[in-house]
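Visitor: Could you take me through this structure? I shall ask as we go.
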Amino acid sequence: MDERVAVALNVNGAARQMFVEPRKTLADALREDLALTGTHLGCEHGVCGACTVLLDGEAVRSCLMFAVQAEGAEVVTVEGLAAGPGQLSDVQQAMHECHGLQCGFCTPGFVVSITALLERDPDPDDAAIRDGLSGNLCRCTGYQGIVKAVRAVAASRQGAPS
Ligand code: FES
Ligand code: FES
């Protein structure tokens, strides 16, 4: 018997419908049903933050929730942050310019979390940046470039030279 259920939601600005098993995580549904593989899976139990997406504007770990829980929600993945194909959001551009990544596995989660952090706090100090990103783990960079990238975006949005 097919036990899949329909889930209607908005993903990256478009109405989408998925048919998923009730226990399927949002992360797996995004990757497997919608082919949005920018959402990475690391620990799959809420520790690393690689799977972070925006759910109704809040950063959430998509490995910790079922896809059916996203019924009616607005989801933004890393693929939906830039204005268009082939473009980078200012956060993505700053991560590139400030060497905020090495292997890149953690990067989608960081980019989404930084985006949410700067919505909450447009001008965070270093302590607030580190606290705001404490749910994201990076095994490569030592975090300095990531913090620098957040500062650069905050300064740029406020009109200061970064
Ligand atoms: S894969 Fe979701 S927090 Fe690590
Ligand atoms: S860049 Fe490799 S884990 Fe962060």
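Visitor: Which residue just after α2 takes a positive phi?
Guide: It is H99, with a phi of about 55°. This is a predicted model, in which local features need pLDDT of at least 70, side-chain atom pairs count only at pLDDT 80 or more, and totals for chains, interfaces and linings use all residues. Residues are numbered from 1 along each chain as its sequence is written, chains are lettered from A and ligands numbered from 1 in the order in which they are written, and side-chain values use heavy atoms, leaving out hydrogens and water.
Visitor: And what counts as a helix or a strand?
Guide: Both are DSSP runs numbered from the N terminus: helices are H or I with at least four residues, strands are E with at least two.
Visitor: Which residues of α2 are buried?
Guide: In α2, residues 90–97, they are V91, Q92, A94 and M95; buried means under 20% relative accessible area and exposed over 50%, with a 1.4 Å probe and protein chains only.
Visitor: Why are they on the same side of α2?
Guide: They lie on the same side because they cover an arc of only 165° around the axis, taken from the directions from the helix axis to the C-beta atoms. On the other side of α2, H96 and E97 are exposed.
Visitor: What do the buried ones pack against?
Guide: The buried residues of α2 pack against α3 (107–120) and α5 (144–157), where contact means heavy atoms within 4.5 Å.
Visitor: Now the strands. How do β1 and β2 pair?
Guide: Strands β1 (residues 5–11) and β2 (residues 14–20) are antiparallel, with 7 bridges; pairing requires that DSSP finds at least two bridges. A6 stands opposite F19 in β2.
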